[in-house]
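Hello,

Here is the structure I promised to pass on. Please have a look at it first, then read my notes below.

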Amino acid sequence: MKKFKNTITATPGTTTENKTGGWRTYKPVVDHEVCIGCDMCNKVCPEGVCFATGQKNSKGRIFYDRDLDYCKGCGLCAKECPVNAIKMVSDYK
Ligand code: SF4
Ligand code: SF4
């Protein structure tokens with residue numbers, strides 16, 4: 001009997017090696033000057049890739065950004081941002 005070898009799924013525990021943002025259609029772009037650092041994008045992101053940069057904008061607010069290596073482009077962060085600081089733009093090069 002032939003042994004089945006699964007070559008479709010990734011090996012478990014390799015998430016940090018296999019960047020999962022490659023098949024995205026749109027990517028979120030944050031306007032750092034508009035961001036108020038409310039943390040909402042971090043709360044709603046299903047991938048957990050939104051983070052406080054630790055840097056301040058001209059209004060003295062710590063602005064957020066996202067790790068595009070793992071962002072899937074779902075747009076939830078842009079939808080929920082209370083000040084519309086995030087725009088979804090085409091990720092086709
Ligand atoms: S687009 Fe989706 S996956 Fe990407 S940072 Fe926003 S909420 Fe997270
Ligand atoms: S939801 Fe918008 S305003 Fe709040 S931290 Fe994220 S980008 Fe900034």
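**Two positive phi angles**

Asn 84 sits in the loop between α2 (76-80) and β4 (86-90). Helices here are DSSP runs of H or I with at least four residues, strands are runs of E with at least two, and both are numbered from the N terminus. Phi of Asn 84 is near 55°, a positive value in a residue other than glycine. Asn 84 counts as exposed because its relative accessibility is 52%. The cut-offs are under 20% relative accessible area for buried, over 50% for exposed, and partly exposed in between (1.4 Å probe, protein chains only).

Asp 39 is a further case: its phi is near 80°, again positive in a residue other than glycine. Asp 39 belongs to the loop between β1 (26-30) and α1. Most residues other than glycine have a negative phi, and most peptide bonds are trans.

**Ground rules**

This is a predicted model, in which local features need pLDDT of at least 70 and side-chain atom pairs count only at pLDDT 80 or more, while totals for chains, interfaces and linings use all residues. Residues are numbered from 1 along each chain as its sequence is written, chains are lettered from A and ligands numbered from 1 in the order in which they are written, and side-chain values use heavy atoms, with hydrogens and water left out.

**Overall layout**

The protein has 2 helices and 4 strands. From the N terminus on, their order is β-α-β-β-α-β. Of the 93 residues, 26% are buried. Take the contacts (heavy atoms within 4.5 Å) with a separation of 6 or more: residues 24 or more positions apart account for 67% of them.

**The hairpin**

Strands β2 (residues 50-56) and β3 (residues 62-66) run antiparallel, joined by 4 bridges. Two strands pair if DSSP finds at least two bridges between them. Phe 51 has Asp 65 as its bridge partner in β3. Ala 52 stands opposite Tyr 64 in β3.

The hairpin has 5 residues between the strands, and there Gly 60 takes a positive phi near 85°. Arg 61 also lies in the loop between β2 and β3. Arg 61 is partly exposed, because its relative accessible area is 42%. Not counting residues up to four places away in sequence, Arg 61 touches Cys 35, Ile 36, Gln 55 and Lys 56. Arg 61 and Val 34 are 27 residues apart in sequence, yet 9.4 Å apart in space, C-alpha to C-alpha.

**The two helices**

Val 44 lies in helix α1 (residues 40-44). At 23% relative accessibility, Val 44 is partly exposed. Val 44 touches Leu 76, Cys 77 and Glu 80, leaving out residues up to four places away in sequence. Between Val 44 and Ala 78 there are 10.0 Å, C-alpha to C-alpha, and the two are 34 residues apart in sequence.

Cys 77 is found in helix α2. Cys 77 is buried, because its relative accessible area is 7%. Setting aside neighbours within four places in sequence, Cys 77 is in contact with Pro 28, Cys 41, Val 44, Cys 50, Arg 66 and Ile 86. The C-alpha atoms of Cys 77 and Cys 41 are separated by 4.5 Å, though the two are 36 residues apart along the chain.

**The ligand**

Which residues are closest to ligand 1? They are Cys 45, Cys 71, Cys 74, Gly 75 and Cys 77, out of 14 that surround ligand 1. A residue is near a molecule if one of its heavy atoms lies within 4 Å of it. The shell divides into 9 nonpolar, 2 polar and 3 charged residues. Here Ala, Val, Leu, Ile, Met, Phe, Trp, Tyr, Cys and Pro count as nonpolar, Asp, Glu, Lys and Arg as charged, and the others, Gly among them, as polar.

**The cavity**

A cavity is a set of points, on a 1 Å grid over the protein atoms alone, where a 1.4 Å probe fits but cannot get out; lining residues have an atom within 4 Å of a point. Grid points are joined across faces, edges and corners, and a volume is the space filled by probe spheres set on the points. By this rule there is 1 cavity of 30 Å³ or more. The largest cavity has a volume of about 80 Å³. It is lined by 14 residues, and the closest to its centre are Cys 35, Gly 37, Cys 38, Cys 41 and Cys 81. The lining divides into 12 nonpolar, 1 polar and 1 charged.

Best wishes

Conventions:
On a 1 Å grid over the protein atoms alone, a cavity is a set of points where a 1.4 Å probe fits but cannot get out, and a pocket is an open set with protein on both sides within 12 Å along at least five of seven lines; lining residues have an atom within 4 Å of a point.
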